[in-house]
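This report considers a ligand site and a group of salt bridges in the structure shown below.

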Amino acid sequence: MHALVMIELDGDGVSASSRETLTLAHRLAGELGEAVEAVVFGDGGRAAESGGLAVSRLHQLDHPMLATYSPELWGESLHQLIARLQPSIVLGPGSDRGLEVMAQAAARADAPLVANCTTISLDRRANGDPPTWTLTRARQGGLLLEDAAVTAPTTFASTAAGAVEAASLGSLREVPVESFTPELDGVVHTQLVDETTQDSGVTLATARIVVSGGRGVGSAEGFEPLEELAKLTGGAVGCSRVATNNGWRPHSDQVGQTGTKISPDLYIACGISGATQHWVGCMNSKAILAINTDPEAPLLTRATYGVIGDVGEVVPAIVDEIHRRTLGNRQSA
Amino acid sequence: MNILVCVKRVRASGGTPQLSADGGGVDTRNLAFTVGPHEECAVEEAIRIAGDAGGRVTVLTAGPPEADEQLRYAISMGADHGVLVDTGDTELDPQATAAALADAIRTLEADGATFDLIMFGNESPDAGHYQVGIRVACALSRAMVGGVKGIDIDQADGRARFRREVPAGVEVYEAALPAAVGVKEGLNLPRYPSMRGRLRARKAEVRGIQPEVAPGTLRRIRLRHPEEAGTQTVVLGHGADAAPAVVDLLEELEVV
Ligand SMILES: Cc1cc2nc3c(=O)[nH]c(=O)nc-3n(C[C@H](O)[C@H](O)[C@H](O)COP(=O)(O)OP(=O)(O)OC[C@H]3O[C@@H](n4cnc5c(N)ncnc54)[C@H](O)[C@@H]3O)c2cc1C
Ligand SMILES: Cc1cc2nc3c(=O)[nH]c(=O)nc-3n(C[C@H](O)[C@H](O)[C@H](O)COP(=O)(O)OP(=O)(O)OC[C@H]3O[C@@H](n4cnc5c(N)ncnc54)[C@H](O)[C@@H]3O)c2cc1C
């Protein structure tokens, strides 16, 4: 048997990142002429029902200790199933949890894990020898691509989030679900003891408009006009690492490699130079408007739209213009 | 509380990385180096925990001899000891890196100090394999949670609580000490080294460990830049005069 896909479930059934992984797995399986099998923690029925798996077998990991998430217990269970099935490649989603469980399982199997892959193909498989795969992985949030090769009896690979467009795999006939109960006594582990759900208002990750500020904003108070612009457009406020490090904004506002990666309809970057670590956080925006005094600033040269000028003048002028027009509309109405 | 923090030497530049002619690596000539932001927060947190609970902070790196600079930076922030696993200029894959680190930790622990907490960055800023910490923790049979942005230690109970943000909200984990943790920037605001700290770091002794390095299984073929659609920036105007054009754009998007 060749490919095993780790499926992650969320409120809607099979998660979006798992659908991306499945797409990659089916592409690979087509190339190899092999079937794809999948594994899910807990409710296999729900995974199968949500459809689109198109796998020949679904393994369900069953154990009372797996009811709540634990990185080590989930990783150990996956490892035990893999030891039994001996797939040559295990694919997992690029979500935080997906990566964590894959790394736990790979560590226990002492097998390689290639994180954030965008492509995978079989290089060669000599009779009896372990297969060699060639993979492309995203480094530094996608700033660089790394072509790599790996040879091992079992290779673990996770897909880079958003690198593969999830295809509709069709609702294949009934998927047979097989239960597997791992042996978990004595496994050293952490326990999830508390979970709180945040109210789902406009967040940096989901906002259609993000108004973001960097060193050019100059101070914490300098963000007031940016906040007002965000409020008027129903957007969220973001910032660069310089703004975080200076204590002007909380780290939860930071856009970039070590902050949040966002893909709004419009990213308004005020006084941000566009260092690569910032760029990888905002490069998936549909459009970028950069406001900067320096016409040569890297972000300005890469942006869709630019305004050359001082944030302290430009942003208040935009806010005034919005007020003028809404007032005008009201008067004419 | 004895705490160990694993840090990696990475390039500090915010510019697009220049690749060596054969694509075998990043051209690091004329570049400044640093410790990744996640790891800087790990060092800061370790210093705070040891400050409150009493104890010592050791920083460990596997890398070329020049990584001494990153150890001394951590010491200037307030860490007590530095240990360098000299892997020379050979590039190790994540399995080999983790094996070298785990071996070094076993050596250090055999010499006396058990580390109550071993800290990692969630992922390194350059290679980003998301696994070295987990592999080390597994090799040493320590519990390990990643992506952590809050740590509470209950020394009397010998337990730690780790808080992390997930898309849906916040999760809190508990583990018995000794444990391991992967942290993210935002955990704290790291301090700048004081003058006194810098002087201390200059004089501090850094212990060297010569590892036995097994060859890894992941081989790099080359690095390359992704294709980027060349954009022609549309300049909407200069200064405050650009405001009407910007608001036109916002109206087009139907957000005002
Ligand atoms: C490993 C690593 C990870 C990192 N992760 C992140 C990350 O997640 N996010 C992040 O943002 N950074 C990150 N950084 C830092 C990054 O390299 C840059 O240092 C940072 O993004 C720069 O912030 P900035 O653009 O606000 O400041 P600067 O680079 O100083 O740019 C300020 C800009 O403002 C302009 N300006 C100045 N005054 C005005 C004015 N009055 N009006 C208009 N424009 C003005 C200037 O022309 C300049 O272009 C990371 C760095 C490292 C090494
Ligand atoms: C052919 C080849 C070429 C390579 N070229 C490069 C290169 O040009 N530049 C480069 O930086 N790497 C290079 N590597 C090394 C490799 O990509 C990783 O640096 C190494 O495997 C560790 O993975 P990571 O840093 O991505 O770990 P991650 O799992 O992302 O790191 C998580 C955490 O583990 C800890 N950690 C990781 N590495 C170390 C370390 N060395 N010492 C102490 N703590 C550590 C840190 O706390 C870090 O935050 C190369 C490897 C190969 C096989």
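## Polar contacts of ligand 2

In this predicted model, a polar side-chain atom of Lys8(B) is placed 2.5 Å from an oxygen atom of ligand 2. Thr97(B) also directs a polar side-chain atom to an oxygen atom of the ligand, at 3.4 Å, while Gly121(B) contributes a polar backbone atom 3.0 Å from a ligand oxygen. Ligand 2 taken alone exposes 940 Å², of which the protein buries 89%.

## The surrounding shell

The shell around ligand 2 comprises 26 residues, of which Cys6(B), Lys8(B), Glu39(B), Ala62(B) and Asp126(B) come nearest. By class, 12 are nonpolar, seven polar and seven charged. At least two shell residues each are supplied by β4 (56-63), α3 (94-110), β6 (117-121) and β12 (218-224) of chain B.

## Salt bridges between the chains

Over all chains, the salt bridges number 31. One of them links Arg325(A) to Asp248(B), with the closest N and O atoms 2.8 Å apart. This pair runs from helix α9 (residues 311-332) of chain A to helix α6 (residues 243-252) of chain B. Arg325(A) is buried, because its relative accessibility of 18% falls under the 20% limit, whereas Asp248(B) is partly exposed at 38%.

Arg325(A) also forms a salt bridge with Glu251(B), at 3.1 Å from N to O. Glu251(B) lies in helix α6 of chain B and Arg325(A) in helix α9 of chain A, so this pair joins two chains. Glu251(B) is partly exposed, with a relative accessible area of 35%. Through shared partners, salt bridges connect Glu321(A), Arg324(A), Arg325(A), Asp248(B) and Glu251(B) in one network.

## A buried pair in chain A

Arg139(A) and Glu146(A) form a salt bridge through their side chains, at 3.1 Å from N to O. Both Arg139(A) and Glu146(A) are buried.

Notes. Residues numbered from 1 in each chain as written. Chains lettered and ligands numbered in written order. Predicted model: local features only at pLDDT ≥ 70, side-chain atom pairs only at ≥ 80, totals over all residues. Heavy atoms only, no water. Near = heavy atom within 4 Å. Polar contact = N/O pair within 3.5 Å; in protein donor to acceptor, adjacent residues only side chain to side chain. Areas by Shrake-Rupley, 256 points an atom, 1.4 Å probe, with all protein chains shown as cover. Helix = DSSP H or I, 4+ residues; strand = E, 2+ residues; numbered from the N terminus. Nonpolar A, V, L, I, M, F, W, Y, C, P; charged D, E, K, R; others polar. Salt bridge = Lys/Arg side-chain N within 4 Å of Asp/Glu carboxyl O. Buried < 20%, exposed > 50% of the residue type's maximum accessible area, 1.4 Å probe, protein only.
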